[in-house]
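Have a look at it first.

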Amino acid sequence: MDDEIQVPVSLPLDSDGFLRRECPTCEQEFKWFSRAEGDDEAEPVSQYFCPLCGVAAGLGEWWTPAQLEYGFGSAGGAIDQAMQDAVADAFKGIKGMKFKPNASFSLDIETPEPLVEPDDMVIVEPPCHPNEPLKVPEASTERAFCLICGAEFAA
């Protein structure tokens, strides 16, 4: 059995197509424009800069606590199945042992309520990368940093 399981989870966007994110350094929330995978307009990057504090972090470090909780909870069924498959594999081929799976087995991972994305924050466009708009809290529009290059700008 492979040690990794992947479970696709959909996160809601606001009505303008922005996804909520949280900076791992300053822990403030903002939104970036969500692009489809393979979109030619997307800037190729290996890190992003927080538009609120300007500190860079890796691509997978921008989840909000609610998104992480939702993702884990949404994977509950797949985790249960992976556990059942792993136990069945462990007993497969052992002479004299017969494994009968328990159909009601569950780790009881609570299924979360769907996330709802409100239409909050203000759209700003960095002059250096206008194709990567952001949404920031209204109080943060005087000073922001480009998501792609970290350049400071005023909206």
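A salt bridge here is a side-chain nitrogen of Lys or Arg within 4 Å of a carboxyl oxygen of Asp or Glu. This is a predicted model, where local features need pLDDT of at least 70 and side-chain atom pairs count only at pLDDT 80 or more, while totals for chains, interfaces and linings use all residues. Residues are numbered from 1 along each chain as its sequence is written, and side-chain values use heavy atoms, with hydrogens and water left out.

Q: What makes Arg20 and Asp120 a salt bridge?
A: Their side chains meet at 2.9 Å, N to O, and the cut-off is 4 Å, so the pair qualifies. It also ties together distant parts of the chain: Arg20 sits in strand β1 and Asp120 in the loop between α2 and β5, 100 residues apart. Helices (H or I, at least four residues) and strands (E, at least two) are DSSP runs, numbered from the N terminus.

Q: Why is Asp120 called partly exposed?
A: Buried means under 20% relative accessible area, exposed over 50%, and partly exposed in between (1.4 Å probe, protein chains only). Asp120 has 26%, so partly exposed is the label.

Q: Why does Arg20 count as buried?
A: Its relative accessibility is 12%, so Arg20 goes in the buried class.

Q: Which salt bridge joins Arg20 and Glu117, and how do you know?
A: The N to O distance between these side chains is 2.7 Å. The two ends are 97 residues apart, with Arg20 in strand β1 and Glu117 in the loop between α2 and β5. Glu117 has a relative accessible area of 14%, so that end is buried.

Q: What makes Lys31 and Asp14 a salt bridge?
A: Their closest N and O atoms are 3.1 Å apart. Lys31 belongs to strand β2 and Asp14 to the segment before β1, 17 residues away in the chain.

Q: Are Lys31 and Asp14 buried or exposed?
A: Lys31 has a relative accessible area of 0%, so it is buried. Asp14 comes in at 5%, so Asp14 is buried as well.

Q: How many salt bridges are there in the whole structure, and which residues form a network?
A: A search finds twelve salt bridges. Asp14, Asp16, Arg20, Glu29, Lys31, Glu117, Asp120 and Lys135 are linked in a network of them.

Q: What makes a group of residues a nonpolar core?
A: A nonpolar core is a set of buried Ala, Val, Leu, Ile, Met, Phe, Trp, Tyr and Cys residues joined through side-chain atoms within 4.5 Å. The largest one here has 17 residues, and Phe30, Trp32, Tyr48, Cys50, Trp62 and Leu147 touch the most other members. Strands β2 (29-33) and β6 (134-136) each supply at least two residues of this core. As background, nonpolar side chains tend to be buried together in soluble globular proteins.

Q: Which residues is Tyr48 in contact with?
A: Contact means heavy atoms within 4.5 Å. Leaving aside neighbours within four places in sequence, Tyr48 is in contact with Trp32, Val55, Ala56, Ala57, Leu59, Trp62, Leu147 and Ile148.

Q: How do you know that the buried residues of α1 line one face of the helix?
A: In α1 (residues 65-74), the buried ones are Gln67, Tyr70, Gly71 and Gly73. Looking down the axis, they fall within an arc of 165°, so they line one face. That arc is taken from the directions between the helix axis and the C-beta atoms. Turned away from the buried side are the exposed residues Pro65, Glu69 and Phe72. The cover over the buried residues includes β1 (18-22) and α2 (76-91).

Q: Why is Ala82 called buried?
A: Its relative accessible area is 12%, so Ala82 is buried. Ala82 is in helix α2.

Q: Why is Asp108 called exposed?
A: Asp108 has 66% relative accessibility, so it counts as exposed. It is in the loop between α2 and β5 and has a positive phi of about 55° although it is not a glycine.

Q: What about Met121: why is it called partly exposed?
A: The relative accessibility is 22%, so Met121 counts as partly exposed. Met121 also has a positive phi, about 75°, without being a glycine.
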